[in-house]
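Welcome, and thanks for taking a look at this one with us. Please open the structure below and keep it in view as you read.

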Amino acid sequence: MFKPDFFDLIALNIKESGLGSTKGWKRLIIEKPFGHDLTSAQDLNEKLSQAFKEDEIYRIDHYLGKSMVQNLEALEFANPILQSLWNNQHIANVQITASETVGVEKRADYYDQAGEIRDMVQNHMLQLVMMTAMHLPKKLSSHEIRDEKRKVMESLRSIKKEDVDLHIIRGQYDAGEIHGQPVVKYTDEPKIDSSSQNDTFVAARLWIDNSFWNGVPFYIRTGKRMKDKSTRIVIEFKNYLKDLYKNQDETVEPNLLIIEINPHENVALQLNSKNSLKNGKIEPVRVEFAAEQKGAPEAYERLIFDALTNDSTFFAHWKEVELAWEWIQPILEAFEENLLPLYPYSSGSHGPDEANRLLEEDGFKWWFDEEYSERKN
Ligand SMILES: O=P(O)(O)OC[C@H]1O[C@@H](O)[C@H](O)[C@@H](O)[C@@H]1O
């Protein structure tokens, strides 16, 4: 492990010492932070490129090593039934949550500079968006998959700095309770300045302007000191029956595909069925399966193995990283210039209430906050 400040220096020294030009292969495995903003990331990449070619650089995003994330392409690719529904004709919205119970822990120096936007959104959350929204290539090769992910980023509608407050909610945790234990507010954490305006929660509404996703909002949210640890993707299908049943007592829930990534690995499809014990009332039912986790390799084990065997499928290509920084840049600037409120939220909650507003504006809600809180971590 070495400090990110030395990434470029080490790469250059590998080159200058001649170590990089011996026979055989060389690979650079590198993990975030990959720059602090667009310019510094480009600068770092430029320096690394002097010593390593793009196909020799393996940028780890450990979310891409998680088995359920790797399973996303198979779910879609190997199930024509899902593949045929994976577009704006059938999907109403996509919700991606990565909530954590941990706070800043012992990483004040890094985290207070990075914030949730760089720590989780620029990399992990956008990678989950890419993996969910990418159009399946004809061949499942590393080159083609990464190409499809890049296309998603190229179609991601950019948000102007002045409009950031319309699509992004930022928050910072207050004191509260996590699993029954009191915890302090962010600005009372060791080594955090009492006036820090750093974000520990971010929710966002994204639009992907291509023929598959036009008109389908993608909502993402991630935060520290939230009620539970849960990483999940919920795909809400269009509910044509809602209008049909509008004037009756009966409500019909939309079909949902729920992909739990962490700490449980589970896929569930919510359908509707009549309950004959309740006078034929239509109720949601679930078809689900849990992935066998025992003995499965950890995300990092998987990724390091892939890097050694020259498989870059689940590593971030420079283009993905650069486009992610490009999308994030106006948001960083709006945060820095305080162009939007920093909402406090109690530790142990689901984040600031304002994060619900993003969905309510479009007639939706976050699914299952309470249900997933009750599942044992
Ligand atoms: O969801 P996971 O695998 O526990 O990873 C979350 C962690 O991901 C890391 O990349 C972030 O720096 C941490 O702040 C975060 O806690």
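A residue is called exposed when its relative accessible area is over 50%, and buried when that value is under 20%. With those words in hand, note that this is a predicted model.

**The ligand and its surroundings**

- Which residues surround the ligand? The shell consists of Lys32, His62, Tyr63, Lys66, Glu100, Arg107, Asp119, Met120, His124, Lys224, Lys229 and Asn262.
- Sorted by class, that shell has 7 charged residues, 3 polar ones and 2 nonpolar ones.
- Helix H5, which runs over residues 108-133, gives the most to the shell, with 3 residues.
- The side chain of Lys32 places an N or O atom 2.5 Å from an oxygen atom of the ligand.
- For Asp119, a polar side-chain atom lies 2.5 Å from a ligand oxygen.
- His124 has a side-chain N or O atom 2.7 Å from an oxygen atom of the ligand.
- On its own the ligand has 400 Å² of accessible area, and the protein covers 80% of that.

**Helix H1**

- Helix H1 spans residues 7-16, and its buried residues include Phe7, Asp8 and Ala11.
- The buried residues of H1 fall within an arc of 95° when seen down the helix axis, so they line one face of the helix.
- Strand S1 (28-31) and helix H2 (38-51) are among the elements that cover those buried residues of H1.
- Just after H1 comes Gly18, which takes a positive phi of about 90°.

**Helix H9**

- In helix H9 (residues 299-308), buried positions include Ala299, Arg302, Leu303, Asp306 and Ala307.
- These residues cover an arc of only 135° around the axis, which puts them on the same side of H9.
- Which exposed residues does the face of H9 turned away from its buried side carry? That face carries Phe305 and Leu308, both exposed.
- The cover over the buried residues of H9 includes S1, strand S2 (57-60) and helix H3 (67-77).
- Just after H9, Asn310 has a positive phi of about 65°.

**Thr97 in strand S3**

- Thr97 is part of strand S3, residues 91-99.
- Is Thr97 buried or exposed? Its relative accessible area is 4%, under the 20% limit, so Thr97 is buried.
- Setting aside residues up to four places away in sequence, Thr97 touches Met125, Arg221, Ser230, Thr231, Arg232 and Trp366.
- With Arg221, the contact includes a polar one between the two side chains, at 3.1 Å.
- Thr97 and Leu128 are 31 residues apart along the chain, and their C-alpha atoms are separated by 9.8 Å.

**Ser99 in strand S3**

- Ser99 also lies in strand S3.
- With a relative accessibility of 3%, Ser99 counts as buried.
- Where does the side chain of Ser99 reach at 2.7 Å? That side chain reaches the backbone oxygen of Asp228.
- Apart from neighbours within four places in sequence, Ser99 is in contact with Gly223, Met226, Asp228, Lys229 and Ser230.

Note on methods:
Residues are numbered from 1 along each chain as its sequence is written. This is a predicted model: local features need pLDDT of at least 70, side-chain atom pairs count only at pLDDT 80 or more; totals for chains, interfaces and linings use all residues. Side-chain values use heavy atoms; hydrogens and water are left out. A residue is near a molecule or strand if one of its heavy atoms lies within 4 Å of it. A polar contact is a pair of N or O atoms within 3.5 Å; within protein, one must be able to donate a hydrogen and the other to accept it, and residues adjacent in sequence count only if both atoms are side-chain atoms. Accessible areas come from the Shrake-Rupley method with a 1.4 Å probe; for residues, only the protein chains shown count as cover. Helices (H or I, at least four residues) and strands (E, at least two) are DSSP runs, numbered from the N terminus. Ala, Val, Leu, Ile, Met, Phe, Trp, Tyr, Cys and Pro count as nonpolar, Asp, Glu, Lys and Arg as charged, and the others, Gly among them, as polar. Buried means under 20% relative accessible area, exposed over 50%, partly exposed in between (1.4 Å probe, protein chains only). The arc is that of the directions from the helix axis to the C-beta atoms. Contact means heavy atoms within 4.5 Å.
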